[in-house]
Amino acid sequence: MADPMLQGQYPVRGLYQALAVAAMCVQEQPNSRPVIADVVTALTYLASQKYDPRAYPPQTTSSVSSAIVTRRNSDAATR
């Protein structure tokens, strides 16, 4: 979902949080969707976060995919 031009230079946690906001916005039931002011607040907060590429190694598609699969598996195991 991240722009390939970023070459893995982005915080994965921020990507997951932005995807979570996007997922809430496309809920089938309109009453389940957040109001736009809340979406703007959440995305503004995410955009304001500083990213230090030295603190987080560049992400590759395979490492991000592995993280998603690992998280899904651990979430399924706790259910």
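Tutor: Gladly! Keep in mind that this is a predicted model. Let us begin with Q7.

Student: Is Q7 buried or exposed, and how do you know?

Tutor: Its relative accessibility is 65%. The word exposed is used over 50%, so Q7 counts as exposed.

Student: Where does Q7 lie?

Tutor: Q7 is in the segment before helix 1. Its backbone also has a positive phi of about 50°, although Q7 is not a glycine.

Student: Where is R33 found, and which residues does R33 touch?

Tutor: R33 sits in the loop between helix 1 and helix 2. Leaving out residues up to four places away in sequence, R33 touches M24, C25, Q27 and E28. The C-alpha atoms of R33 and A22 are 9.8 Å apart, and these two residues are eleven residues apart along the chain.

Student: What makes the pair R33 and Q27 a polar contact?

Tutor: A polar atom of the R33 side chain lies 2.8 Å from the backbone oxygen of Q27. The cut-off for such a pair of N or O atoms is within 3.5 Å, and 2.8 Å meets that distance.

Student: Now to the helices. At what angle do helix 1 and helix 2 pack?

Tutor: Helix 1, residues 12–25, packs against helix 2, residues 36–48, at about 170°, and their axes are 10 Å apart. Angles over 145 degrees count as roughly antiparallel, so helix 1 is roughly antiparallel to helix 2.

Student: Which residues make that contact?

Tutor: Helix 1 contributes G14, Q17, A18, V21 and C25, while helix 2 contributes V39, A42, L43 and L46. By type, seven of the contact residues are nonpolar, two are polar and none is charged.

Student: What pattern does the protein follow along the sequence?

Tutor: The pattern reads α-α-α, with three helices and zero strands in the secondary structure.

Student: How many residues does the protein have, and what share of them count as buried?

Tutor: The protein has 79 residues, and 10% of them count as buried. Its accessible surface comes to about 6500 Å², with 59% belonging to carbon and sulfur atoms. Among contacts with a separation of 6 or more, 58% join residues 24 or more positions apart.

Notes. Residues numbered from 1 in each chain as written. Predicted model: local features only at pLDDT ≥ 70, side-chain atom pairs only at ≥ 80, totals over all residues. Heavy atoms only, no water. Axes fitted to C-alpha atoms, helices over the stretch in contact; angles between N-to-C directions. Helix = DSSP H or I, 4+ residues; strand = E, 2+ residues; numbered from the N terminus. Parallel < 35°, antiparallel > 145°, perpendicular 65-115°, else oblique. Contact = heavy atoms within 4.5 Å. Nonpolar A, V, L, I, M, F, W, Y, C, P; charged D, E, K, R; others polar. Buried < 20%, exposed > 50% of the residue type's maximum accessible area, 1.4 Å probe, protein only. Polar contact = N/O pair within 3.5 Å; in protein donor to acceptor, adjacent residues only side chain to side chain. Areas by Shrake-Rupley, 256 points an atom, 1.4 Å probe, with all protein chains shown as cover.
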